[in-house]
Amino acid sequence: MKIGAPVSSPLLALIGIAMMVLGYLFYSKFLVKHIFKLDSSIPTPAHTRKDGIDYVPTNMYVLWGHHFTSVAGAAPIVGPAVAVIWGWLPAFLWVTLGTVFFAGMHDMGALWASVRNKGHSIGTLSGRYIGNRGRNLFLVVIFLLLLMVNAAFAVVISKLLVGTPTAVIPTWGAILVALVVGQAIYRWKLPLVWVSIIGVVALYALIILGDQFPVVLPETVMGLSAASFWVLVLFVYAGVASVLPVWMLLQPRDYINGLQLFVGLGILYISVLIASPTIVAPAINTAVPDGTPSMLPLLFVTIACGAISGFHGVVASGTSAKQLNKESDARFVGYFGAVGEGLLALGAIIAATAGFKTLADWENVYSAFNQGGVGAFVEGGGAILNAGLGLPVSLSATILATMAVLFAATTMDTGIRLQRFVVQEAAEIMGIKVGKFVATIVVLIVGMGLAFGAGADGSGGMVIWPLFGTTNQLLAGLTLAIIAVILLQKRRNVVPVLIPLVFVLLMSVYAAVVQLGAFYATQNWLLLALDIIILIAALWVIVESVIAMNKARTAPPTSDEDDRVTELEDEPAAR
Amino acid sequence: MTERPGTAWARFSAGLREFYAAPYRRAFARAQRDEDDLFMMIVLAESLGVPNPVSYYTVELLPVMYDRFHDWHTRMGMEHSPLDYLSCC
């Protein structure tokens, strides 16, 4: 295949799927047998610490469903859709090889590490394996990540609402659907299956309605640009949502979105197979628009979720590990969970490169580094849905835009809720008692400040996105360092972890340095300061990892039998 | 619709419920604990020096409160019961 020759998208989809499936069949098996040595005879925390709340042995497929829907959201759509500006091939290779050799191993490894440590989270594990400083470091990184996730996603959503005004009604109507679903389940006690079906149907009815009645804001609303106005509304909404009781809104919203993820992924791939569009974008874009940063290292932080993402480790160790029925399930839940997200990222790559008629059309959309992105996913994916399923172009675009908005918005309201806890905890350490409303307001002000500083008014586009990816990779690096320390203590082969570890940390530092120059040049002092903090955190992760690994190499070896002993000590009877 | 246990439909339905409930179980447990704590405070109001108009009724609940009270004072960082007459441990 000549580079630049047109490629059919089903072929690319099949090659990508085949790579990930082969990775699951062979590489994950190798990791299970020779690296992690999963041992189902060691009881998991779900059994030894069973409490009916956090620790509940859960069916492997159901747990995979949670894990996958918790980790996959807007990020694996936005990242690849931005990164195809360098051509489809680099993004494709990073997503597929990243999923197989980085993300799958990282997610399964985080699950394994946590399961062997009473289901404790990565934060606690960084305290245990890296030291007290490691724990503080984790808190710093997670704080930065939460901070940026809210700002980045607010920008993504406001861009979508301005770019696809037909998505406005379903976006806000979905909140109503979620509120009714919550009432139906907890107040009226209706069966979940029917509520789910009605909820999804209602959501799609809203999409059709929204498609008929686009809501276009005037250029300025209350003295703000349309994009700024949406950001403001979004933060107010997310603030309100985050303080409501979770059963009312957040829980049914997460659930409906989870179902929507499967529906959306299904229709996207079916359309690609039926429509068989040709990829018009170049394999490697030799004519990137002016101002596009160099692919190395930016590609590797622009696509974080979908190739490797530290956030997965938080989910794996925070909830999934406490519910793992037996250790061997970690392969399906962790590794295949990453494959699920890889498929979403691959779908985004195809939508953003094959959904255009000619190369000129594509270049028009990707006219600058901050252009294209999720808008291209909606436009291109819409065209593919139109060709594949025969849905009208505008309705198809509305479906995809709503899907992306809902993913991002759910992450945002949960993000604000989590950050409120962080603020309250931090205030408590300083000896101040902060109520939930004050803490939420603090979070909203900081988030909005960053969102506007990052160009939420439409001026700067998505400048914050690579910074968000860098922090996400940093967290992945920290998790990989913990896995490496455990493996070194057990005197196992550490190369499959070490190579990704070195790679993501190098790329994170490199990207942070490159962005320093960019922020300085554009005189964006807020993001420059944030970048400096991230760079310091990155160097700190490297230093701590090296110290911890060196210590683990020389410490007396531990065996799997030690893990068994710690588990038994923790029998509930002893409490 | 009635579900016969063991059928594929029942398993699917149970899986779906788990998919709905599990991610928020901890938040619910925490909210319930807060409410329980408040309830316990009402029952024990008198011994804490707060006049309780319904102590005639709530005194009956004291034995039920023993276990919860024990959990509460250990959670609050007190190794032994702070109330002389309520010596749960």
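Reply: Happy to! One term before we start: a residue is buried if 20 or more other C-beta atoms lie within 10 Å of its own, and exposed if 12 or fewer do. Please also keep in mind that this is a predicted model.

Me: Got it. So what percentage of chain A counts as buried?
Reply: Of its 575 residues, 56% count as buried.

Me: And what is chain A built from, in helices and strands?
Reply: Chain A has 22 helices and four strands. Its radius of gyration is 23 Å, close to the 25 Å that the globule rule gives for 575 residues, so chain A is as compact as a globular protein of that length.

Me: What box do its C-alpha atoms fill?
Reply: Roughly 65 × 60 × 45 Å, taken along the principal axes. As for contacts in chain A between residues at least 6 apart in sequence, 86% join residues at least 24 apart.

Me: Now helix packing. How do α8 and α17 of chain A cross?
Reply: The axes of α8 (residues 168–186) and α17 (residues 393–429) of chain A come within 9 Å and cross at roughly 50 degrees. That angle makes α8(A) oblique to α17(A), and the crossing of the two is right-handed.

Me: Which residues make that contact?
Reply: From α8(A) you have A:P170, A:T171 and A:A174, and from α17(A) there are A:T398, A:T402, A:V405 and A:L406. They divide into four nonpolar, three polar and no charged.

Me: What about α9(A) against α17(A), at what angle do they pack?
Reply: About 125 degrees, with their axes 9 Å apart. That makes α9(A) oblique to α17(A) as well, and α9(A) passes α17(A) in a right-handed crossing.

Me: And which residues meet there?
Reply: A:I207, A:I208, A:G210 and A:D211 in α9(A) meet A:S394, A:L395, A:T398, A:I399 and A:T402 in α17(A). This contact has four nonpolar, four polar and one charged residues.

Me: Which residues have a positive phi although they are not glycines?
Reply: A:K37 is one of them, at about 50 degrees, and A:Q523 is another, at about 55 degrees. A:K37 lies in the loop between α1 (9–35) and α2 (45–48) of chain A, while A:Q523 lies in the loop between α20 (495–521) and α21 (525–554) of that chain.

Me: How does A:Q523 count, buried or exposed?
Reply: Exposed, because A:Q523 has 7 C-beta neighbours inside 10 Å. A:K37 has 14 such neighbours, so A:K37 counts as partly exposed.

Key. Residues numbered from 1 in each chain as written. Chains lettered and ligands numbered in written order. Predicted model: local features only at pLDDT ≥ 70, side-chain atom pairs only at ≥ 80, totals over all residues. Axes fitted to C-alpha atoms, helices over the stretch in contact; angles between N-to-C directions. Parallel < 35°, antiparallel > 145°, perpendicular 65-115°, else oblique. Left-handed = near helix turned anticlockwise from the far one by under 90°. Contact = placed C-beta atoms within 7 Å. Nonpolar A, V, L, I, M, F, W, Y, C, P; charged D, E, K, R; others polar. Rg over C-alpha atoms; globule rule 2.2 N^0.38 Å.
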